[in-house]
Amino acid sequence: MNLGPTEILLFLAIPTIIMGFGVVLVARSAKARSRASIPRRHLDPHELDTTVQTLVTDGQHIQAIKLVRENTGMRLVDAKNLIDGVARGQSLLQHPAIQRLAPRQPHIAPHGPDLATRVRDLKAAGRTEQAIFLVRGETGMDEEAATKFVDIL
């Protein structure tokens, strides 16, 4: 059986094409796995604003939209509108979805003694353990750090 140049070319090209598709599929699935396995940390509003401003300035609107969606859960159209607004000079930080990302500030009584004064009062009353609990509750310190704080006062 004699094969012509066209048949030989097809005979050699088809396996190469099939292998090429296989390589592309493997590469895509590896890329998807690597994306899925790397947890992304959410940015605070100011970090998000800075990063988005940089991306928009560099003309990388799609990356900015992706970043906003990852951090806010916005729909695509809303994120695009937000980025378009940023490109026109609007503030990202003023958007309600971004404001919801801001951590809540602890409520501080408008008047009354500060923490150090309350700790001193508890120590003077012989309630050192309560003073340590107070410091831990208001500052998030661990027990050792709170104990040192109370001892210093």
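Trainee: Which residue forms a salt bridge with R118, and how far apart are the closest N and O atoms?
Mentor: R118 pairs with E138, and their closest N and O atoms lie 2.7 Å apart. Keep in mind that this is a predicted model.

Trainee: What makes that pair a salt bridge?
Mentor: The cut-off is a Lys or Arg side-chain nitrogen within 4 Å of a carboxyl oxygen of Asp or Glu. R118 and E138 have N and O atoms 2.7 Å apart, so the pair meets that rule. The pair also links distant parts of the chain: R118 sits in helix α6 (residues 115–124) and E138 in helix α7 (residues 128–139), 20 residues apart.

Trainee: Why are R118 and E138 called partly exposed?
Mentor: Buried means under 20% relative accessible area and exposed means over 50%, with partly exposed in between. R118 has 27% and E138 has 45%, so both fall in the middle class.

Trainee: How many salt bridges are there by this rule?
Mentor: The count comes to four. One of them joins D84 and K80, with the closest N and O atoms 2.6 Å apart. Another joins E144 and K148, at 3.6 Å; that value is within 4 Å, so the pair qualifies.

Trainee: What separates D84 from K80 along the helix?
Mentor: About one helical turn, because they are four residues apart in helix α4 (residues 76–87). E144 and K148 are likewise separated by about one helical turn, being four residues apart in helix α8 (residues 143–152).

Trainee: Are D84 and E144 buried, partly exposed or exposed, and how do you know?
Mentor: D84 has a relative accessible area of 22%, so D84 is partly exposed. E144 is at 54%, which is over 50%, so E144 counts as exposed. As for K80, the partner of D84, its value is 40%, so K80 is partly exposed.

Trainee: Let us turn to helix α3. How do you know what span to expect for it?
Mentor: Helix α3 (residues 61–72) has 12 residues, and at 1.5 Å a residue the expected span is 16 Å. From its first C-alpha to its last the helix reaches 16 Å, close to that expectation.

Trainee: Which residues of α3 are buried, and what puts them on the same side?
Mentor: A64, I65, L67, V68 and N71 are buried. They cover an arc of only 165 degrees around the axis, which is why they lie on the same side of α3. On the other side, I62 and K66 are exposed. The buried residues pack against α2 (45–57) and α4.

Trainee: Why is N71 called buried?
Mentor: N71 has a relative accessible area of 7%, which is under 20%, so N71 is buried. Its side chain reaches the backbone oxygen of L67 at 2.9 Å.

Trainee: What comes just after α3?
Mentor: G73, which takes a positive phi of about 80 degrees.

Definitions and conventions. Residues numbered from 1 in each chain as written. Predicted model: local features only at pLDDT ≥ 70, side-chain atom pairs only at ≥ 80, totals over all residues. Heavy atoms only, no water. Helix = DSSP H or I, 4+ residues; strand = E, 2+ residues; numbered from the N terminus. Buried < 20%, exposed > 50% of the residue type's maximum accessible area, 1.4 Å probe, protein only. Expected span 1.5 Å × (residues − 1). Arc of directions from axis to C-beta. Contact = heavy atoms within 4.5 Å. Polar contact = N/O pair within 3.5 Å; in protein donor to acceptor, adjacent residues only side chain to side chain.
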